[in-house]
Amino acid sequence: MIHDLAVIGGGPAGVAGALTAALAGLRVVLLDGGPRLGGQYFRHAHGAEPEPRFARQSHALRQRAEVLLKHQVWAVSREDDAFTVHAHGTARAEVRARRVLIATGAHDRPLPFPGWDLPGVLTAGGAQALLKGERVPAGRRIAVAGTGPFLLPVAAGLARAGAEVAGVFEASGGLGLARHPVMALGKAGEAAGYAWALAARRVPYRRNHAVIAAHGEHELRAVTVARLDRDWNVLGTEELECDALAVGYGFVPQIELAVQLGCLTRQDADGTPVVDVDARQRTSVPGVWAAGEPTGVGGWELSETEGRIAGLALAGAGEVPGLLLRRRARLRAFAAALQGAYPVRPGWQSWLTPDTLICRCEEVPLARVREAQELGATDARSIKLLARPGMGWCQGRMCGYALACLAGEPQQPPRRPIAQPISLGALAEPPQKEH
Amino acid sequence: MSDVIVIGAGVVGAACAYYAARAGLDVTVVDRGPVASGTTGSGEGNVLVSDKEPGPELDLALLSNRLWRELAEHGGFEFEAKGGLVVAETAGVLRQLTELAAKQGVEHTAVPGEALGGYEPHLAPGLAGGVHYPQDAQVQPMLAAARLIKLGADSYGHGTLHLRTGVTVTGFLRSGERVNGVRTSHGDILGGAVVNAAGTWGGEVAALAGVHLPVLPRRGFILVTEPLREPLIRHKVYTAAYVTNVASDAEGLETSAVVEGTPAGPVLIGASRERVGFDRTTSVPVLSRLAAQAVELFPALREVRAIRAYCGFRPYCPDHLPVIGEDPRAPGLYHACGHEGAGIGLAPATGYLLAQLLAGQRPGLDLHPFRPDRFTREENG
Amino acid sequence: MERFDISVDGRAVPAEPGQTIGAALHAAGVRSWRSTRFGGRPRGLFCGIGVCFDCLVEVNGRPAERACQLEARPGDEVSTS
Ligand SMILES: Cc1cc2nc3c(=O)[nH]c(=O)nc-3n(C[C@H](O)[C@H](O)[C@H](O)COP(=O)(O)OP(=O)(O)OC[C@H]3O[C@@H](n4cnc5c(N)ncnc54)[C@H](O)[C@@H]3O)c2cc1C
Ligand code: FES
């Protein structure tokens, strides 16, 4: 059977896109690797209800479309006039569809620093997922560090869950809590909520500060907090005891499936490679659409709006309502402003020592990266070929951004013909054409 | 002004530069990208004598094999003299394999089916037998290429050998008929001779000098598994079909199992061959076939996960032989390209012999079979 | 379904229904369950969403499962290394 539309990703963009298209009469299938719909923002624990708005949407979607959870998509290919989505659940599965909507979201963008691979150090999104999806706080006494507005909800969530938040360390300067961008979006209530949660528990919020080293033998015991200048060079340091650290410096859109299909990409305001889409969320490849973080990081509301626009356009709507287009424009402008307000500054490279791991999977320290550069590896790809950063399990998802910075180039679109690990046995067998 | 300008910092260009510097020549290597960014960065790193028919390519491979061992003594890149094991599914194929081995005159041992387990404990049961080639080896080609250039510079003087990355050759300079330099994105560079080591793009570079070389891309995919804690596979193991595929002219897809472990832990699985131009789109059927063939050979791989894949474009000439030597149609221009699926293995011998030519010596092997003007009119298109 | 136990190197560790192995381990104070192949460095959860592969662990004899993705089931046997 050939579906009219296969949606990859069950976050706000994917669910909105799938539902909109299904309501317009399309035969839709949605795939997601996780056990529940929700993506990163609407993540919720087993047995818990997600936020009502999203709960309604996913409920409606399940009645009108096929939803395949726990299906990791490892490739999408194009044959003649249809696409095949190659997934792996309990067995290899294939889904055929005339059109594809890529709504695969983003993952955290970490920066390396000495000790960042110690257990107890989590990405900010990781700590959030553990809390929202599993009801487990990352530790008892937790430091939150990095840059960007996402640190606030992470810290507030942990504080509300009863963890002691030892401090929020925002590497950028400029905007204080009162002028925090979530305010500017008319979400003063939300921001005030975070601020109140933190203030009520006397959690220090420090701008121009970062965690530049993590200490411990087998697990995290303490971190070094540094005061930074505006380029993020260290002005002074102090040690802070904590058993967990949630750290994040923005997000990396997951665009490998679009790259597999040959979709054109562009650089977002901060240089991140994102899928290039037109006003109707169409990519450069006929039949392939993208919505949400893959087209540029901008939060759940923008993702949902893009999903709805894509869904309408996919269903052949002659015109997309101006309301949606205006909302998208406003949210995109806001996202661009945020990227401008929270740039990663080059001084982080001075936090590294020669033996700081850049690639966690292949355990490649800075010294080996530098050695490869001396041998004539002048870009991230050739550094990878010579010294192996990015060749391991995660395929450069964790070190890709840092490596690009070290190579002095913008991050390149990821080439991953196999986007998710798949056993050779499953790869070898003809798929069960169940869907 | 350099004595020699080498276009291409792949493994072949690196070997040419190294041996030319060793011969006392001043060398400039230019590449439009970083070091090893062409096909050298998407190969497997096999250094094989086992898969070659007797003849000029085998002679080149044997010389190269010896030279790789010499170069590896300098250290700085992985080189594993692990040996190759070619296996046959049927008695008939085994007979062909042993006949080929006898003709090759290369060091080898015929292995009966029941003795295969002694070589590779995890091989599937029921294979008819195989041939073991102790000289087959494995090299990490990217690092090897980069190290060769550095080794040349360190040993013979940084003024003697230098690498310029990010420089694209856009044309040739001439004095009369003779090529005496290149025009590049970063200005003209004069040199006594120019070596075209542009691999799969060797035909394009030759065209800049107005000569035709029929070098075409032949795509290959490699599957890479998760790193294994314990090595599962000791040799480079491949099926007899590989030998026939290597020598075939088919445009369509051909695959045969080539499986080997690496010091870093992952198992590499090849090999596919198809002529589809420079198309990088993932081909799931190709990946599936590679996986199926590997699992058939090593059932223990069934549960092992593939974590990535990559593809590259072998520089292919119609007669499957590389082009090595001065081009009589453009004196001063030397070619060292078109090594198809064996450029990593054949690089040192190519560089060694070309350096002899450049230094005005008689090359240690007859280069006539590799001459640039050997192609017929049809092949020249 | 009620809370149940999984076995971690023979020791009982409680898990909530629907919880991942990684979350159950983390909640029980087991935060490192693997050592890296070159440096022998300890590893546990990092990204929490299945992209970093730091949290790999052996479950019921299957090596290299992502602990942050795999739901715990009663009787699961987890081996750390
Ligand atoms: C899947 C696969 C598996 C393989 N496995 C093996 C194997 O196991 N063993 C083996 O021996 N071989 C193998 N090969 C083949 C091997 O990789 C090639 O034969 C070899 O890399 C060729 O080396 P080269 O230096 O000639 O070309 P390349 O490595 O491609 O180098 C050519 C260089 O020239 C540069 N260049 C091109 N045009 C210009 C210009 N105008 N100006 C400046 N620079 C330019 C390019 O940027 C490039 O860096 C394999 C190939 C593939 C695709
Ligand atoms: S914690 Fe990153 S994959 Fe599980």
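Trainee: In this predicted model, at what angle do helix α1 and helix α2 of chain A pack?
Mentor: Take α1 as residues 12-23 and α2 as residues 52-64 of chain A. Their axes lie 9 Å apart. The packing angle is about 45°.

Trainee: Which word describes how α1(A) stands to α2(A), and why?
Mentor: The angle between the two is about 45°. That value makes α1(A) oblique to α2(A). The crossing also has a hand, and that hand is left-handed.

Trainee: How many nonpolar residues does the contact of α1(A) with α2(A) have?
Mentor: On the α1(A) side the contact includes V15(A), A18(A) and L19(A). On the α2(A) side it includes F54(A), L61(A) and R64(A). By class there are two polar residues, one charged residue and 10 nonpolar ones.

Trainee: Where do β8 and β11 of chain A stand in their open sheet?
Mentor: The sheet has five strands in the order β8-β15-β9-β10-β11, with parallel pairing. Neighbouring strands are turned by 20° against each other on average, direction ignored. β8 (121-123) and β11 (205-207) of chain A each have a single partner strand, so one side of each lacks a neighbour in the sheet. Both stand at the edges.

Trainee: Which residue of β15(A) is the bridge partner of T123(A)?
Mentor: β15 of chain A spans residues 244-248. It pairs with β8(A) in the parallel sense over three bridges. The partner of T123(A) is V247(A).

Trainee: At what angle does helix α3 of chain A run to β8(A)?
Mentor: Helix α3 covers residues 124-134 of chain A. It lies across β8 and β15 of that chain. Its angle to β8(A) is about 90°.

Trainee: And what angle does the direction of helix α4 of chain A make with that of β10(A)?
Mentor: α4 (residues 151-160) packs on the sheet. It touches β9, β10, β11 and β15 of chain A. With the direction of β10(A) it makes about 175°.

Trainee: How many charged residues does the contact of α8(A) with α9(A) have?
Mentor: The axes of α8 (residues 300-314) and α9 (residues 322-341) of chain A come within 9 Å and cross at roughly 145°. The crossing is left-handed. Among the contact residues are E301(A), E306(A) and R308(A) of α8(A), and R327(A), R328(A) and R332(A) of α9(A). By class the contact has six nonpolar, one polar and, for charged residues, six.

Trainee: Which strand of chain A stands at an edge of the sheet with nine strands?
Mentor: The order is β22(A)-β17(B)-β13(B)-β16(B)-β15(B)-β14(B)-β5(B)-β7(B)-β6(B), and the pairing is mixed. An edge strand here pairs on one side only. One of them is β6 (109-112) of chain B, and the other is β22 (422-423) of chain A.

Trainee: Which residue of β17(B) is the bridge partner of I422(A)?
Mentor: β22(A) and β17 (residues 305-316) of chain B run antiparallel. Two bridges join them. I422(A) has as its partner A306(B).

Trainee: At what angle does helix α8 of chain B run to β15(B)?
Mentor: Two helices of chain B lie across strands here. α3 (residues 91-104) lies across β5, β6 and β7 of chain B, at about 25° to β7(B). α8 (residues 284-297) lies across strands including β13, β16 and β17 of chain B. Its angle to β15(B) is about 55°.

Trainee: How do α1(B) and α2(B) stand to each other, and why?
Mentor: α1 (residues 11-22) and α2 (residues 56-72) of chain B have axes 14 Å apart. They pack at about 75°. The two are therefore roughly perpendicular.

Trainee: Which peptide bond of chain B is cis, with omega near -5°?
Mentor: Most peptide bonds are trans. The cis bond runs from G270(B) to A271(B).

Key: Residues are numbered from 1 along each chain as its sequence is written. Chains are lettered from A and ligands numbered from 1 in the order in which they are written. This is a predicted model: local features need pLDDT of at least 70, side-chain atom pairs count only at pLDDT 80 or more; totals for chains, interfaces and linings use all residues. Side-chain values use heavy atoms; hydrogens and water are left out. Axes are lines fitted to C-alpha atoms, for helices over the stretch in contact, and angles run from 0 to 180 degrees between N-to-C directions. Helices (H or I, at least four residues) and strands (E, at least two) are DSSP runs, numbered from the N terminus. Angles under 35 degrees count as roughly parallel, over 145 as roughly antiparallel, 65 to 115 as roughly perpendicular and the rest as oblique. A crossing is left-handed if the near helix is turned anticlockwise from the far one by less than a right angle, and right-handed if clockwise. Contact means heavy atoms within 4.5 Å. Ala, Val, Leu, Ile, Met, Phe, Trp, Tyr, Cys and Pro count as nonpolar, Asp, Glu, Lys and Arg as charged, and the others, Gly among them, as polar. Two strands pair if DSSP finds at least two bridges between them.
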